[in-house]
Amino acid sequence: MSQVKKLRDEAFHRQGGLCWYCGRPMSAASDKRSNRRTAEHLLAQCDGGEDVADNIVAACWLCNTRRHTSKTPLSPQAYQDYVRQRLARGNWFNPKGGVVMSRSGSTAQPALARLVIAAQAGGVDGFPV
Ligand SMILES: [Zn+2]
């Protein structure tokens, strides 16, 4: 087993099997489930992050992948906050246990922004601003 996988599994156990970002249980199986555990470097390897226990957490595949699809990935702490906020609003996983695939909320947020702008202009009655 590679050093990274060993550290990932240590982090998995240290975290009680919960994703470092979304806090949901991860799968220990090596299949294609979206909640399978992956190693996440807190400081990315390209930024000099090393394969050491302090720098590796276990994150589910979904959270890990989404973080890295962003053009300018958030810091791990900021991304954790972002994931938890989306979870609280119910738009990280869909109710059937699948995933809500939108890149960084890019489909929902412009619509909301337009509503806010319209509400501020007095164009939408009763919309809470
Ligand atoms: Zn996760």
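## Strand S2, covered on both sides

Let's start with strand S2 (56-60), which is mostly covered: five of its five residues are buried. A residue is called buried if 20 or more other C-beta atoms lie within 10 Å of its own, exposed if 12 or fewer do, and partly exposed in between, with the C-beta atoms placed from the backbone. Strands here are DSSP runs of E with at least two residues, helices are runs of H or I with at least four, and both are numbered from the N terminus. In a regular strand the side chains alternate between the two faces of the sheet. In S2 both faces are covered: Ile 56, Ala 58 and Cys 60 are buried on one side, and Val 57 and Ala 59 on the other.

What you're looking at is a predicted model, where local features need pLDDT of at least 70, side-chain atom pairs count only at pLDDT 80 or more, and totals for chains, interfaces and linings use all residues. Residue numbers start from 1 along each chain, as its sequence is written.

## The partner strand

How do S1 and S2 run? They are antiparallel, and five bridges join them. For two strands to count as paired, DSSP has to find at least two bridges between them. Ala 39 stands opposite Ala 58 in S2, and Glu 40 has Val 57 in S2 as its bridge partner. Strand S1 is mostly covered too, with four of its five residues buried.

Setting aside neighbours within four places in sequence, Ala 58 is in contact with Arg 8, Ala 11, Phe 12, Gln 15, Trp 20, Met 26, Arg 37 and Ala 39. Contact here means that the C-beta atoms of two residues, placed from the backbone, lie within 7 Å.

Helix H1 covers residues 3-14, and at 1.5 Å a residue its 12 residues should span 16 Å; the end C-alpha atoms are 16 Å apart, which agrees. The expected span is 1.5 Å times one less than the number of residues.

Which residues of H1 are buried? They are Leu 7, Arg 8 and Phe 12. Seen down the helix axis, they fall within an arc of 145 degrees, so they line one face of H1. That arc is taken from the directions from the helix axis to the C-beta atoms. The buried residues of H1 pack against strand S1 (37-41) and strand S2 (56-60). On the other side of the helix, Gln 3, His 13 and Arg 14 are exposed. After H1 comes Gly 16, with a positive phi near 65 degrees.

## The core

A nonpolar core is a set of buried Ala, Val, Leu, Ile, Met, Phe, Trp, Tyr and Cys residues joined through C-beta atoms within 7 Å. The largest one has 18 residues, and those with the most contacts inside it are Cys 19, Tyr 21, Cys 22, Ala 58, Ala 59, Cys 60 and Cys 63. The elements giving two or more residues to this core are H1, S2, helix H2 (61-69) and helix H3 (76-88). S2 supplies the largest share, five residues.

## Helices H2 and H3

In H2, Leu 62, Cys 63, Asn 64, Arg 66 and Arg 67 are buried. The buried residues of H2 pack against S1, S2 and H3.

Over in helix H3 you'll find Pro 76, which counts as partly exposed because it has 18 C-beta neighbours inside 10 Å. Pro 76 and Leu 43 are 33 residues apart in sequence, yet 8.2 Å apart in space, C-alpha to C-alpha. Ala 78 is also found in H3, and with 11 C-beta neighbours inside 10 Å it counts as exposed.

Stepping back, the protein has four helices and two strands, running α-β-β-α-α-α from the N terminus on. Buried residues make up 21% of its 129 residues. Of the contacts with a separation of 6 or more, 49% link residues 24 or more positions apart.

The predictor's confidence in each residue is its pLDDT, from 0 to 100. The mean for the protein is 80, and 72% of its residues reach 70 or more. Among the elements, S2 has the highest mean pLDDT (97) and helix H4 (residues 108-120) the lowest (47). Over residues 103-113 the pLDDT is below 50, and this stretch has six contacts in the model beyond near neighbours in sequence. Where pLDDT is low, the predicted coordinates should not be read in detail.
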